[in-house]
Amino acid sequence: MLLPPVASSIGPAIDRLFYLILAVTGFFFILVEGALVWFVIHYRQRPGRTAAYVHGNTVAEIIWTAIPAVILIWLTFASQRVWATIHGHIPANAAEVEILAEQFAWNIRYPGPDGRFETADDVTTINQLHLALNHPTVIWLKSKDVIHSFFVPAFRIKQDAVPGRGGQIWVKPTRPGQYEIACAELCGLGHYRMRGFITVEPWDQLQQWLKETKANE
Amino acid sequence: MSKLFSTDHKVIGLQFLFTALAMLAFGGLLAMLLRWQLGWPGAPLPFMERFAPEGMPGGIMVPEYYNMLFTMHGSVMIFLAIIPLLVGTFGNYLIPLKIGAGDMAFPRLNMLSYWMYPVAAAVICAGFFVQGGAASSGWTAYPPLSTTLGAGQVCWIVGVLILGFSSIFGAVNYITTIVNCRAPGMTFHRMPLTIWALLTTAILTLLATPVLASTLILLLCDNTLGTSFFLPAGLVMDGVMRPNSGGQVLLWQHLFWFYSHPAVYIMILPAMGIISDILPVFARKPIFGYSAIAYASLAIGGLGFLVWAHHMFQSGMNPVLGTSFMVSTMIIAVPSAIKTFNWLGTLWRGTIRLTTPMLHALAFVGMFVIGGLSGIFMASTPVDMYIHDTYFIVGHLHYVLFGGSLFGIFGGITFWFPKMFGRMMNDRLGQWHFWLTLIFFNGIMFPMFNLGMAGMQRRIYDYTQYAHLAHLGPLNRMMSVSAFLLGLTQLLFVANFFWSLRRGPKAGDNPWESTTLEWTTASPPPHGNFATTPTVYCGPYEYSVPGMARDFRPQTQQGSDPVGH
């Protein structure tokens, strides 16, 4: 059972990093556990055998210090490249949406035709987030009460909504469909059911949905 | 009474042992209740209504109670079981015996440090009996949530605060004793690695715990006096605007993890020391790379203060800060790797005796490797964005704290039981307990990585609410069955422990043919430990020395030191 299907532009890079680390740690896992089991069997106490009188080996120490250090630094650089994409410049053409988290719901607000929040043409929904396919959207997170964390497993994104401080994350969905928002930070008795729904659809359909939602408000 | 309020470090060590084992059992029972809910969400457990009429009406668990259970499971295990077992029990019992001292430097302070511990345990657990129930904001107690929960949360804060003082008193005592009370000839480089580990741990405790204490006091003020250290303006709780202003939510996380990440090393370093002492005894071989292991402990201790914010990669702190903490977190894996390779080096070309303590020590190496390697995933900031606050983290931490710390503790108890009580434990029963524990432990903890990869968040009462988690029922049920069997298996340990206490064969002074000072005195050692102060002539791991009649050379045996320290 490996990672579930991915549906955002950043997701594949995160998955590749995950599998890279899985390969590296998997190699060392097999090496160490294999050596452990082999030594226990091969060097078990038997009549006539005596243990070697050895206190250590400086060359060995240098080798098994340097190799892990080099690999870990390499993984750091590989990770930083992806991290810089996630938290680097928000794409210039990004659409905007504001999510105010509260115990235990996601209040979603679109800026409307004027492109500005807190104006009369804002479109608001609860727990229903529609995003444009293949178009970046920046999500401004706020919280009304305690810390919540905006987690979309299919997008591989997670960002805390910190009271008094907010949070931001941008995403470019790459597959149309229905996805779930989960709260990932313990926020009280209803934490487990603080669930939201994402619909990824083409730009035109999204605009249509916004119009209909505004009309029904 | 004189026995109860003793200043003898051995009595205090055993008091820590018995109290902490009771807390370990309690924490385990809480875990099994959690696993019941996760295995069969909403299924009734009728007998529980008698114990928790509000938490489990009709035997069906309510979400608030689930939150209390995981909060208290974490708090009990970390603060009241693992730390008191590793630091309180082995620190007190072993430090004077292993360095050739008659007792601790400050015996009365030592007694006080023990007696604050049951008081703290009582205060923390009292939360279950107050209005609104026990603390339910996780063992991490993040505000603002932790300022909204009432009396149980206040019990938790006060209890952990009391326990912090107990730790600080203990740490002062350990450092002073190790620096000042070593027997003649016991240079720093002839100290057993358990002592190096406990010294590093004590330094960490002394530097980090006061920060936790201050932080808890601030949270207590926010909870009870209406201050706003962690509470910003504009919070609306239950439809009511809170009057607070000016506080910083993330301040708590920085201060809390500034203590609690070093605390992770407080919970693993002594276990690393213990198994570094056990492996050479049963491989009949000197420890491989003594200095490397000792200095790796110090390196982990130092670096341990520079990694705290890796718990906060997704908190919204500056991503550049995330990068710097990713670097330090990756680097701290290096000293752990060094230790692991040196343990393997110790086994290499040894003559391995598979006793119960040795099996636990070997399992420590095997399981700690999984814990350590799985940590690299979350050190990588982008991967952490996906797995943070999922079961991947829960799996990782249990491989370190159960697979590592608890196997180290079982190894330590079975290894020093003959010294503590003068009798041997039953080896066959011990082996059964070991193998079943190893199997069921992996049966519950390894699938946690799969749950995390599937995106299952931690701390959720009912994962079946989510469509993307609905298929995880069978796996969760298998884990729950493993958890119950793991709990049942511990009865073997309890039976062995108490049976051996009264009926075990007499141990003699040195049943394992070991070299260190505690094995040169009687089992159990008399008050004052040694008839005459021992003199130390060589390092602690002189096994299979060529040309000697026996395959081990006690540290007190006269002659030149082959390593030349």
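# A tour of chains A and B

Begin by selecting strand 6 and strand 9 (residues 177–183) of chain A, which run antiparallel and are joined by two bridges; strands here are DSSP runs of type E with at least two residues, helices are runs of type H or I with at least four, and both are numbered from the N terminus, while two strands pair if DSSP finds at least two bridges between them. Across this pairing, A:Phe151 has A:Ala182 of strand 9 of chain A as its bridge partner.

Before going on, note that this is a predicted model, in which local features need pLDDT of at least 70 and side-chain atom pairs count only at pLDDT 80 or more, whereas totals for chains, interfaces and linings use all residues. Residues are numbered from 1 along each chain as its sequence is written, and chains are lettered from A and ligands numbered from 1 in the order in which they are written.

Stay with strand 6 (residues 148–152) of chain A, where five of the five residues are buried, so the strand is largely enclosed by the rest of the structure; a residue is buried if 20 or more other C-beta atoms, placed from the backbone, lie within 10 Å of its own. In a regular strand the side chains alternate between the two faces of the sheet.

Now select the five strands of chain A that form an open sheet of mixed pairing in the order 3-2-1-5-8. Strand 3 (123–126) and strand 8 (167–171) of chain A stand at the edges with a single partner strand each, so one side of each has no neighbour in the sheet. Within chain A, strand 1 (residues 95–102) and strand 2 (residues 105–110) run antiparallel and are joined by five bridges, with A:Leu100 opposite A:Asn107.

Finally, move to chain B and select helix 12 (residues 356–379) and helix 14 (residues 391–421), which pack at an angle of about 160° with their axes 8 Å apart; axes are lines fitted to C-alpha atoms over the stretch in contact, and angles run from 0 to 180 degrees between N-to-C directions. The residues of this contact divide into 16 nonpolar, 12 polar and no charged, where Ala, Val, Leu, Ile, Met, Phe, Trp, Tyr, Cys and Pro count as nonpolar, Asp, Glu, Lys and Arg as charged, and the others, Gly among them, as polar.

Definitions and conventions
A residue is buried if 20 or more other C-beta atoms lie within 10 Å of its own, exposed if 12 or fewer, and partly exposed in between; C-beta atoms are placed from the backbone.
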